[in-house]
Amino acid sequence: MSPGRHQRRRDNVDRWAGTMLNELNREAAAKRGAPGSDIISAALANNRLGVSSVVFFGVAGAAPLTVIIGAITTVYAVVGNTALPLVYIVVAGILSIFTVGFVAMSRHIVNSGAFYSYISHGLGRELGVAAAFVALPAYAMMQIGLFGLFGVVAAGILASLGLNVPWVVCALFAWAIIAVLGMLWVDLSGKVLGILLVAEIAVVLVYDLVMVANPRDGEVSVAMLNPAQLLTPEVVAMMVIAIGGFTGFEATVVLSEEAKDPKRTISRATHIAVLLAGLMCAVSAWAMSVGAGPGRIVADAQREETNLVFSLVGPHVPDIMITIGYLLFMTSIFAALLAFHAAVSRYQFALGRERMLPSRWGYTHPRTGAPVVGSITQSVLSLIAILAYWFTQADPLVQLFGYLTVVGGLGVLILMWGTSAAVIAFFVQHPRLENVWRGRVTPVIAFFLLSIILFATVVGLGDVLGLAEDSIFNWAFATGYAVLAVLGAGWAAIVRYTKPDVYAVIGRGVERRTLFEFPEPPRPHSHSMAFQDHYSTTSSGRDSR
């Protein structure tokens, strides 16, 4: 059966875009050879990050100590189900399945735009830009929300020392350091994250060993690891909350252009980040239930809240270990702030480089290779948000941290869902690039599982946020992301007709690379012909000048 009219038009336009991309590549190569050309200003610093540094960014974004102290206790207290260790194992398994296809695609597409670039390659440029319009606010909200938690935790630590400091002062202190680090060398940020994360993992392991070595009931129970508990109705709600605790691991791909040997580094680092975060959360959730006793963990969590871990280990360790735990809780939040700042500034850079944002966003610092304008933009937005919440006297823990990180996590989940579909489409189009397992089987399984979790998240978002049943915000956030996606796709469609040279490079990265060199295609159907002719005429005019 011959392809339909619309498919023929789509094929022609895609081939036309590929040919135009090849022409742009030749022009760019000629310019790079010209005297005085500034290549550095349009590229991130390369060959800076090894596997360990990228892992630090991914795991720091997931902030395991913050999840253990905050999220795990909250789930025990609110949901009242002891299947949480198994839930974290299942969620880590689902994300590991997603990661197989995700990193398989990263071996063929090296771009700091990550989700945006992958979706544009797999599902088309319009949907790629739609993903970018979702990614920017999602990651921005994740980072901004964490300033509220940092401010509250830091103010609490200072209060224990007799210093009464408002949360906003603590948040602004962290903001200033993040703003400076965001402008410096990415490997410097990686070293800072490495130091903080190693200390964080060490204290988590010590706390887990102490809780398991001192069981409340006098024996180490594994009853909460019974798979039958996964059949309870609360499990889906627990998975929705648990998957939010992993948000940030996918930011490893955003660093692909700055990694050493990105095709291997990113793949290994992403797998390690998922497994490490999942293992830490699952083991800690189990250790907490052992320390409190399976029959008492819910009541203790409701009474102690975020102090649960410290109350369980406090009687068995020196006071200095509790103090270190509180300090590392604070630095865990700081590490996540730094990781998300790096992610959102690089998304802005990728869009600016490809002129989907103003081209100024596509420049980097000539010495550090940092995305200058993207970093400054995120810092300014964060400052405005922190001050706005302070002036309105909003609750920094519930309304800044709680609301923004949950809504931001919804956006990241939407991106993962869309990317799993893009991976399927990409390897259907290019079946020889990967084997069937990585290119077909795991992406389909991941798409199915993420579809269930995304649906449950959208339906139950109001419950997670503690909203009234008749609140407009029960559906406003999901609708808002849908509107942003439509605006993004619409903007890409406008660019397709008004700036075909810009449209051709959407999602193609610093090399403006296609997977294949396109032969000269037949002239595009209808309207596309006019734009190809217009581009050729314009180029000829420039050449003649």
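The model is a predicted one, in which local features need pLDDT of at least 70 and side-chain atom pairs count only at pLDDT 80 or more, while totals for chains, interfaces and linings use all residues. Residues are numbered from 1 along each chain as its sequence is written, and side-chain values use heavy atoms, with hydrogens and water left out.

The structure holds 5 salt bridges. Among them is the bridge between Arg216 and Asp300, in which the closest N and O atoms are separated by 2.8 Å. Arg216 lies in the loop between α8 (186–213) and α9 (235–244), whereas Asp300 belongs to helix α11 (residues 297–304), so the pair ties together parts that are 84 residues apart in sequence. Helices (H or I, at least four residues) and strands (E, at least two) are DSSP runs, numbered from the N terminus. Arg216 is partly exposed, with a relative accessible area of 39%, but Asp300 is buried at 5%. The side chain of Asp300 also meets that of Arg303 in a salt bridge, at 3.0 Å from N to O. Both of these residues lie in helix α11, 3 residues apart, which is about one turn of the helix. In general, an α-helix has 3.6 residues a turn, so residues three or four places apart point the same way. Arg303 is exposed, with a relative accessible area of 54%.

Taken as a whole, the protein has a secondary structure of 19 helices and 0 strands. Of its 545 residues, 54% count as buried. Among contacts (heavy atoms within 4.5 Å) between residues at least 6 apart in sequence, 84% join residues at least 24 apart. The protein exposes about 23000 Å², of which carbon and sulfur atoms supply 66%; accessible areas come from the Shrake-Rupley method with a 1.4 Å probe, and for residues only the protein chains shown count as cover.

The largest nonpolar core contains 129 residues, of which Ile72, Leu84, Tyr88, Tyr139, Tyr207 and Met288 touch the most other members. Helix α6 (residues 125–160) supplies the largest share of this core, 20 residues. A nonpolar core is a set of buried Ala, Val, Leu, Ile, Met, Phe, Trp, Tyr and Cys residues joined through side-chain atoms within 4.5 Å. When neighbours within four places in sequence are left aside, Tyr88 is in contact with Val67, Ala71, Ile72, Ala242, Phe246, Gly278, Cys281 and Ala282.

Another buried residue is Val210, at 12% relative accessibility, and this valine lies in helix α8. Apart from neighbours within four places in sequence, Val210 is in contact with Val313, His316 and Val317. The C-alpha atoms of Val210 and Val317 are separated by 8.0 Å, although the two residues are 107 residues apart along the chain.

Helix α17 (residues 473–498) has 26 residues and reaches 37 Å from its first C-alpha to its last, close to the 38 Å expected at 1.5 Å a residue, where the expected span is 1.5 Å times one less than the number of residues. Within α17, the residues Tyr481, Gly488, Ala492, Val495 and Arg496 are buried.

On the surface, Val436, Trp437, Val441 and Ile445 form a nonpolar patch, with about 360 Å² of accessible area together. Patches are made of residues with over 30% relative accessible area and no salt bridge, like charges being joined within 9 Å and nonpolar side chains (Val, Leu, Ile, Met, Phe, Trp, Tyr) within 5 Å. Val441 lies in helix α16 (residues 436–465) and counts as partly exposed at 32% relative accessibility.

Finally, Gln393 has a positive phi of about 60 degrees although it is not a glycine. Most residues other than glycine have a negative phi. Gln393 is placed in the loop between α14 (372–391) and α15 (396–429), and counts as exposed at 73% relative accessibility.

Methods
Buried < 20%, exposed > 50% of the residue type's maximum accessible area, 1.4 Å probe, protein only. Salt bridge = Lys/Arg side-chain N within 4 Å of Asp/Glu carboxyl O.
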